[in-house]
Amino acid sequence: MDPISRFREAMSRAAQDAPFDPIAVSLATCTPDGRPSCRIVLVHEVDARGIVFHTNYAGRKAQDLEANPYAAITAYWPWLDEQVRLEGPVARVTTEESDGYFAVRPRGSQVGAWASLQSQPLDSRETLLARVQQFEEQFADGPVPRPENWGGYRLTPLRIEFWKAGEFRLHDRELFERAGDGWTVRRLYP
Ligand SMILES: Cc1cc2nc3c(=O)[nH]c(=O)nc-3n(C[C@H](O)[C@H](O)[C@H](O)COP(=O)(O)O)c2cc1C
């Protein structure tokens, strides 16, 4: 099985009887001068092209990605004791793809996307709630359009590592690296 399909399969196994959200993963980005930061995002889609998550295109992670379009994603499902690490270049998805996903989000989340100036300083929660109210009124008569600064990014993995906990810390690690149209695979010491 190719490693992207295998990641998808692991995620759907993790989804069975999941005590926590199996699509919540950590996303690390880096400034051009090498300062990393990390946060949780939700994986929206996994296919042969890569892994898609959505965010505000003006927030801190987006500023990192626009200047340095490489990222790393780590998924860990404690109830499986499995970790997957994916690394590679990142690019914005098409506006049609972002429109498509935005359109099926709950209305409250759509309004929230307008109200949030992600990662900018906020003087009080009341200010945020007032902005929510303002956009609810603005869009009261129809569908909420996608804000231009909200959309998806796709990470195209060049490197995917599967880690499975083993007894006495003799964990299993398999590293897949992109080679042309295919992948090489080798084991790593735990
Ligand atoms: C469970 C969980 C899911 C989240 N999902 C997303 C997401 O899909 N997209 C997103 O932009 N932020 C998401 N966040 C919030 C981010 O972790 C982060 O706080 C926010 O995106 C701002 O990050 P930045 O300042 O580095 O851009 C999520 C947080 C948690 C705890």
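Predicted model: local features only at pLDDT ≥ 70, side-chain atom pairs only at ≥ 80, totals over all residues.
Colleague: Why is D17 called exposed?

Modeller: D17 has 6 C-beta neighbours inside 10 Å. Residues are numbered from 1 along each chain as its sequence is written.

Colleague: Where is D17 found, and what is its phi?

Modeller: D17 is in the loop between α1 (3–15) and β1 (24–30). Helices (H or I, at least four residues) and strands (E, at least two) are DSSP runs, numbered from the N terminus. The phi of D17 is near 55°, a positive value in a residue other than glycine. Most residues other than glycine have a negative phi.

Colleague: Which loop holds R169, and what makes R169 count as buried or exposed?

Modeller: R169 lies in the loop between β7 (159–164) and β8 (172–179). R169 has 7 C-beta neighbours inside 10 Å, so it counts as exposed. Its phi is near 60°, again a positive value in a residue other than glycine.

Colleague: What makes V25 count as buried or exposed?

Modeller: V25, in strand β1, has 21 C-beta neighbours inside 10 Å and therefore counts as buried. V25 touches I40, V41, V43, I73, T74 and A75, not counting residues up to four places away in sequence. Contact here requires C-beta atoms, placed from the backbone, within 7 Å. V25 and L42 are 17 residues apart in sequence and 6.3 Å apart in space, C-alpha to C-alpha.

Colleague: How do you know how strand β3 is covered?

Modeller: Six of the seven residues of β3 (residues 50–56) are buried, and the strand is mostly covered.

Colleague: Which strands pair with β3, and in what sense?

Modeller: Strand β2 (residues 36–47) pairs with β3 in the antiparallel sense over four bridges. Strand β6 (residues 150–155) pairs with β3 in the antiparallel sense over six bridges. Pairing needs at least two bridges found by DSSP, so four bridges and six bridges both qualify. In β3, I51 stands opposite V46, and T55 stands opposite G151 in β6. A hairpin of two residues joins β2 to β3.

Colleague: What surrounds the ligand?

Modeller: The shell has 15 residues, and the closest are R39, T55, G59, R60 and S119. β2 supplies the largest share of the shell, five residues. β2, β3 and α2 (60–67) each supply at least two.

Colleague: How do the classes divide in that shell?

Modeller: There are five nonpolar, six polar and four charged residues. Ala, Val, Leu, Ile, Met, Phe, Trp, Tyr, Cys and Pro are nonpolar, Asp, Glu, Lys and Arg charged, and the others, Gly among them, polar.

Colleague: Which residues of helix α4 are buried, and how do you know where they lie on the helix?

Modeller: In α4 (residues 107–115), Q110, V111, A113 and W114 are buried. Seen down the axis, they fall within an arc of 150°, so they line one face of the helix. The arc is taken over the directions from the helix axis to the C-beta atoms. The face turned away from that buried side carries the exposed residues G108 and S109. The buried residues pack against α3 (95–103), α5 (125–138) and β6.

Colleague: What makes a set of residues a nonpolar core, and how many residues are in the largest one?

Modeller: Such a core is a set of buried Ala, Val, Leu, Ile, Met, Phe, Trp, Tyr and Cys residues joined through C-beta atoms within 7 Å. The largest has 30 residues; I51, F53, A71, I73, L86, Y153 and L155 have the most contacts inside it. Among the elements that each supply at least two residues are α1, β1, β3 and β6. β4 (70–77) gives the largest share, four residues. Leaving aside neighbours within four places in sequence, Y153 is in contact with F53, T55, L65, V90, A91, R92 and V93.

Colleague: How many helices and strands does the protein chain have, and what share of its residues is buried?

Modeller: The protein chain has five helices and nine strands. Buried residues make up 23% of its 190 residues.

Conventions:
Buried ≥ 20, exposed ≤ 12 C-beta atoms within 10 Å, placed from the backbone. Near = placed C-beta within 6 Å. Contact = placed C-beta atoms within 7 Å.
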